[in-house]
Amino acid sequence: MSRLAGVAVALAAAGVGALGMAWWSRPATSPSSSPSARPAVPATTIGSYGTRVSYPAGREPSLPAPDGTPLLVHSLLRVDRPMHFGDYVWNESGVPAGGDTRIRVDLSRQLMSVFRGGHEIGTAVILYGTDHKPTPTGTFPILARARLHQSTLYDAEMPYMLRLTNDGVAIHASAVRRGYATHGCVGIPEDFARRVFTASARGDLVTITA
């Protein structure tokens, strides 16, 4: 599970340098072998973990979207150690308070990125739908929000729910563990879900790629 390695391909085509490519494609399930690596700390540390890679004005890469609306990237979180199920990073330090929130989900890498004004402020390992109830791909506006939501279809709690489709597909808090899946929703760690919920609003766009 690479940290948005699929996105790295798009960024490479847009001109990202070798340093950016190196940390984008670092495996998320293999421990670092570098003798100078920082001591192991929980990936859920807020603020003190995950510095930032910024791109100069006029040379920003962009991320494609199924609807053809690209996302111009001004900066990305530098996540330089493995991420595992249940892990996330959130760091808004130095990011302007204004700007639209865009959420990008990479199903093949089981990762989500949250951008504000083109700056990545959060990333997490996710759960998604099984072959029998797959998570749809495309770009979806957030249709509804609820801090506490109870699924009537599955009689299950869905905290910090962001509904994406009229048939119930949503982003929501889940127990993100290896071997688990959803009924088509995007499941994220609860504390990360709370932060995504606070940072987003109805109408914000969520892009899900295969």
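**A residue and its surroundings**

Guide: Thr 209 is buried, with a relative accessible area of 16%. Buried means under 20% relative accessible area, exposed means over 50%, and partly exposed is in between (1.4 Å probe, protein chains only). This is a predicted model, in which local features need pLDDT of at least 70 and side-chain atom pairs count only at pLDDT 80 or more, while totals for chains, interfaces and linings use all residues. Residues are numbered from 1 along each chain as its sequence is written, and side-chain values use heavy atoms, with hydrogens and water left out.

Thr 209 sits in strand β16, residues 205-209. Helices (H or I, at least four residues) and strands (E, at least two) are DSSP runs, numbered from the N terminus. Which residues does Thr 209 touch, leaving aside its neighbours within four places in sequence? They are Arg 104, Val 105, Asp 106, Leu 107, Ser 108 and Thr 137. Contact means heavy atoms within 4.5 Å.

Follow those contacts to β6 and its partner. β6 and β7 run antiparallel and are joined by six bridges. Two strands pair if DSSP finds at least two bridges between them. Arg 102 stands opposite Phe 115 in β7. The hairpin of β6 and β7 has four residues between the strands. Gln 110 lies in that loop, between β6 (101-106) and β7 (111-116). Its phi is positive, about 55 degrees, although Gln 110 is not a glycine. Most residues other than glycine have a negative phi. Gln 110 is buried, with a relative accessible area of 17%.

Next comes β7. Six of the six residues of β7 are buried, so β7 is largely enclosed by the rest of the structure. Both of its faces are covered. One side carries Leu 111, Ser 113 and Phe 115; the other carries Met 112, Val 114 and Arg 116. β7 also pairs with β8, antiparallel, over six bridges. Arg 116 stands opposite His 119 in β8. The hairpin of β7 and β8 has two residues between the strands, and Gly 117 in the turn has a positive phi of about 60 degrees.

Now the cores. A nonpolar core is a set of buried Ala, Val, Leu, Ile, Met, Phe, Trp, Tyr and Cys residues joined through side-chain atoms within 4.5 Å. The largest has 26 residues. Those with the most contacts inside it are Ile 103, Val 105, Met 112, Ile 171, Ile 188 and Phe 192. At least two residues each come from β5 (88-90), β6, β7, β8 (119-125), β14, β15, α3 and β16. The largest share, four residues, belongs to α3. Ile 171 is in contact with Ile 103, Met 112, Tyr 160, Met 161, Leu 162, Leu 164, Val 186, Ile 188 and Val 206, leaving aside its neighbours within four places in sequence. Another core lies apart, of seven residues, among them Val 53, Tyr 55, Leu 63 and Val 73.

Tyr 160 takes us to a further loop, between β12 (156-157) and β13 (161-163). Phi of Tyr 160 is near 50 degrees, positive in a residue other than glycine. Tyr 160 is buried too, with a relative accessible area of 16%.

β13 belongs to an open sheet of four strands, in the order β10-β13-β14-β15, with mixed pairing. The edge strands are β10 (144-146) and β15 (186-188), and each pairs on one side only. On average, neighbouring strands of this sheet are turned by 15 degrees against each other, direction ignored. Axes are lines fitted to C-alpha atoms, for helices over the stretch in contact, and angles run from 0 to 180 degrees between N-to-C directions. β10 and β13 pair antiparallel over three bridges. Ala 144 stands opposite Arg 163 in β13. Helix α3 (residues 190-199) lies across β10, β13, β14 (170-173) and β15, at about 110 degrees to β15.

Last, the whole chain. The protein chain has three helices and 16 strands. Buried residues make up 48% of its 210 residues. Among contacts between residues at least 6 apart in sequence, 64% join residues at least 24 apart. Mean pLDDT is 76, and 72% of residues reach 70 or more. Over residues 1-43 the pLDDT is below 50, yet beyond near neighbours in sequence this stretch has 82 contacts in the model. pLDDT is the predictor's confidence in each residue, from 0 to 100. Where pLDDT is low, the predicted coordinates should not be read in detail.
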